[in-house]
Amino acid sequence: MRVSERWGAGILLATTILLAGCVESTDSDSATVTDASPTTFSDARIITGSIPGEYEYKDVAGTVAVVDGCVALELSDGAVHPIIWPLGYQYLPDEASVISVHGTVALGEKLTESRGYLIDREVIDEFPDPARLTGFDECDSNAPTFLVLVNVEDFDTPE
């Protein structure tokens, strides 16, 4: 066998092996791996802006998390609401944290001594000026209720 024939046979064998990996198995017993949480911290988005109108502010505390692609707050009762942050806040995907001139809160940290209110999606959808909210369309959440933070005071590191 000449060298060129050996190279040809080697290339044919390598191509066959590579193509075999591209064929989908029809075996019904084969395992399928799915990612139960397709949103990563680097994919997370925040909503910032202001909501027109007057609302009753309440004390807000919980753990900052990512739900459906949005940075959200998980309250002590288990309810989770995407957050509408005050203007000036930014999400830093490399650090998995929200930052402003007032401080930084990382995902998983507790947010305490803050004030805000809940607002229904229907109210947001009826805004005459949706440009007042930045990031709302990029956030994948289908949540019926959002948490509007008006005063973010204390970022506690988990114990």
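The legends below describe close-up views of a predicted model.

**View 1. Overall make-up of the protein.** The protein holds two helices and 11 strands. Along the sequence they follow the pattern α-β-β-β-β-β-β-β-β-α-β-β-β. Of the 159 residues in the protein, 33% are buried. When contacts between residues at least 6 apart in sequence are considered, 72% join residues at least 24 apart. The mean pLDDT is 73, and 67% of the residues reach 70 or more. Over residues 2-39 the pLDDT is below 50, and this stretch has six contacts in the model beyond near neighbours in sequence.

**View 2. The largest nonpolar core.** The largest nonpolar core has 18 residues. Val71, Trp85, Tyr91, Val98 and Leu149 are the members that touch the most other members. At least two residues of this core come from each of strand 2 (58-67), strand 3 (70-75), strand 4 (80-85) and strand 10 (145-151). Apart from this core lies another one, of 14 residues, and its members include Ile51, Cys70, Phe127 and Leu133. In soluble globular proteins, nonpolar side chains tend to be buried together.

**View 3. Surroundings of valine 98.** Valine 98 is one of the residues of the largest nonpolar core that touch the most other members. With neighbours within four places in sequence left aside, valine 98 is in contact with Ile46, Val71, Trp85, Tyr89, Gln90, Tyr91, Gly103, Thr104 and Val105. Among these contacts, Val71, Trp85 and Tyr91 are also named with valine 98 as residues that touch the most other members of the core.

**View 4. The disulfide between cysteine 70 and cysteine 139.** A search of the whole structure finds one disulfide. Cysteine 70 and cysteine 139 form this disulfide, with their sulfur atoms 1.4 Å apart. The pair links distant parts of the chain, since cysteine 70 is in strand 3 and cysteine 139 is in the loop between strand 9 (133-134) and strand 10, 69 residues apart. Both cysteine 70 and cysteine 139 are buried. Cysteine 70 is also among the members of the core of 14 residues.

**View 5. Strand 10 and its partners.** Five of the seven residues of strand 10 are buried, so this strand is largely enclosed by the rest of the structure. Strand 4 and strand 10 run parallel and are joined by two bridges. Isoleucine 83 stands opposite leucine 147 in strand 10. Strand 8 (residues 110-120) pairs with strand 10 in the antiparallel sense over six bridges. Leucine 118 has leucine 147 of strand 10 as its bridge partner.

**View 6. Histidine 81 in strand 4.** Histidine 81 lies in strand 4. This histidine 81 is buried, because its relative accessible area of 12% is under the 20% limit. Not counting residues up to four places away in sequence, histidine 81 touches Ala72, Leu73, Leu75, Leu118, Thr145, Phe146 and Leu147. The C-alpha atoms of histidine 81 and valine 67 are separated by 8.4 Å, and the two residues are 14 residues apart along the chain.

View 7. Three strands form an open sheet in the order 5-6-7, with antiparallel pairing. Strand 5 and strand 7 (103-106) are the edge strands, and each pairs on one side only. On average, neighbouring strands of this sheet are turned by 25° against each other, direction ignored. Strand 5 and strand 6 run antiparallel and are joined by three bridges. Leucine 92 has serine 97 in strand 6 as its bridge partner.

**View 8. Two loop residues with positive phi.** Aspartate 68 is not a glycine, yet its phi is positive, near 55°. Aspartate 68 sits in the loop between strand 2 and strand 3. With a relative accessible area of 47%, aspartate 68 is partly exposed. Alanine 96, also not a glycine, has a positive phi of about 50°. The loop that holds alanine 96 lies between strand 5 (90-92) and strand 6 (97-100). Alanine 96 is buried, with a relative accessible area of 13%.

Notes:
Residues numbered from 1 in each chain as written. Predicted model: local features only at pLDDT ≥ 70, side-chain atom pairs only at ≥ 80, totals over all residues. Heavy atoms only, no water. Core = buried A, V, L, I, M, F, W, Y, C linked by side-chain atoms within 4.5 Å. Buried < 20%, exposed > 50% of the residue type's maximum accessible area, 1.4 Å probe, protein only. Helix = DSSP H or I, 4+ residues; strand = E, 2+ residues; numbered from the N terminus. Contact = heavy atoms within 4.5 Å. Disulfide = S-S within 2.5 Å. Pairing = 2+ DSSP bridges. Axes fitted to C-alpha atoms, helices over the stretch in contact; angles between N-to-C directions. pLDDT = per-residue confidence, 0-100.
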